[in-house]
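Here is a short briefing for a first look.

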Amino acid sequence: MTHDRLLALAAVLSGAWLVGGCAADAVPPPTTAIAPAPASPGGLTGTSWRLVEVQSMDDAQGTSKVGERVYEIDFGADGRAALKLDCNRGGASYTVVPASEPGAGSVTFGPAALTRAMCPPGSLDTKIARDLQYVRGYRVAGDTLSLSLMADGGIYVWKRVP
């Protein structure tokens with residue numbers, strides 16, 4: 001190789017090294033993605049529940065039994081809750097923060113996305129979907145899940161679905 005060719009090759013390699021070095025500096029180094037915490041380490045993940053009653057904090061209303069209508073919630077491991085609210089189906093995201101007491105903690109739901117079928121009169125589908133955004137706490141005692149609404153808005157009482 002001639003001296004001129006060696007100089008040209010050195011210039012090309014130096015330029016490639018400089019460009020490569022600049023490109024490496026311009027692009028931030030890959031970051032290690034932090035896996036999200038389990039959606040509900042408080043024992044809700046993978047569980048299914050059927051609503052049995054709604055307890056009002058207003059003594060005039062008291063406790064309302066659900067009756068024959070079916071309202072169910074399934075807590076997925078992906079942080080999504082599947083909902084069956086009478087004649088409508090849907091889902092919402094959820095986040096659980098367990099308390100120091102086993103089987104209790106706070107839970108929040110994202111906006112519920114539901115089908116819009118017209119359920120028969122007396123259905124609680126729209127009430128439950130609306131109230132999910134106000135759920136703040138949970139307590140599991142045996143086969144019963146209580147979801148409490150903020151500001152003493154009431155308690156939804158669910159039974160475990162096997």
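Predicted model: local features only at pLDDT ≥ 70, side-chain atom pairs only at ≥ 80, totals over all residues.

Residues are numbered from 1 along each chain as its sequence is written, and side-chain values use heavy atoms, without hydrogens and water.

**Cavity**
- The structure holds 1 cavity of 30 Å³ or more (a set of points on a 1 Å grid over the protein atoms alone where a 1.4 Å probe fits but cannot get out; lining residues have an atom within 4 Å of a point).
- Its lining is I128, D131, L132, V135, L147, Y156 and W158.
- Helix α2 (125-131) and strand β10 (155-160) each give two or more residues to that lining (helices are DSSP runs of H or I with at least four residues, strands runs of E with at least two).

**Salt bridges**
- There are 7 salt bridges (a side-chain nitrogen of Lys or Arg within 4 Å of a carboxyl oxygen of Asp or Glu).
- K65 pairs with E53, with the closest N and O atoms 2.6 Å apart.
- K65 lies in β2 and E53 in β1, so the pair ties together parts 12 residues apart in sequence.
- K65 is exposed at 64% relative accessible area, whereas E53 is buried at 13% (buried is under 20%, exposed over 50%, partly exposed in between, with a 1.4 Å probe and protein chains only).
- K127 forms a salt bridge with D131 at 3.0 Å.
- K127 is partly exposed at 30%, while D131 is buried at 6%.
- Salt bridges with shared partners join K127, R130 and D131 into one network.

Notes
1 Å grid on protein atoms, 1.4 Å probe; cavity = no way out; pocket = protein on both sides within 12 Å on 5 of 7 lines; lining within 4 Å. Points joined across faces, edges and corners; volume = space filled by probe spheres on them.
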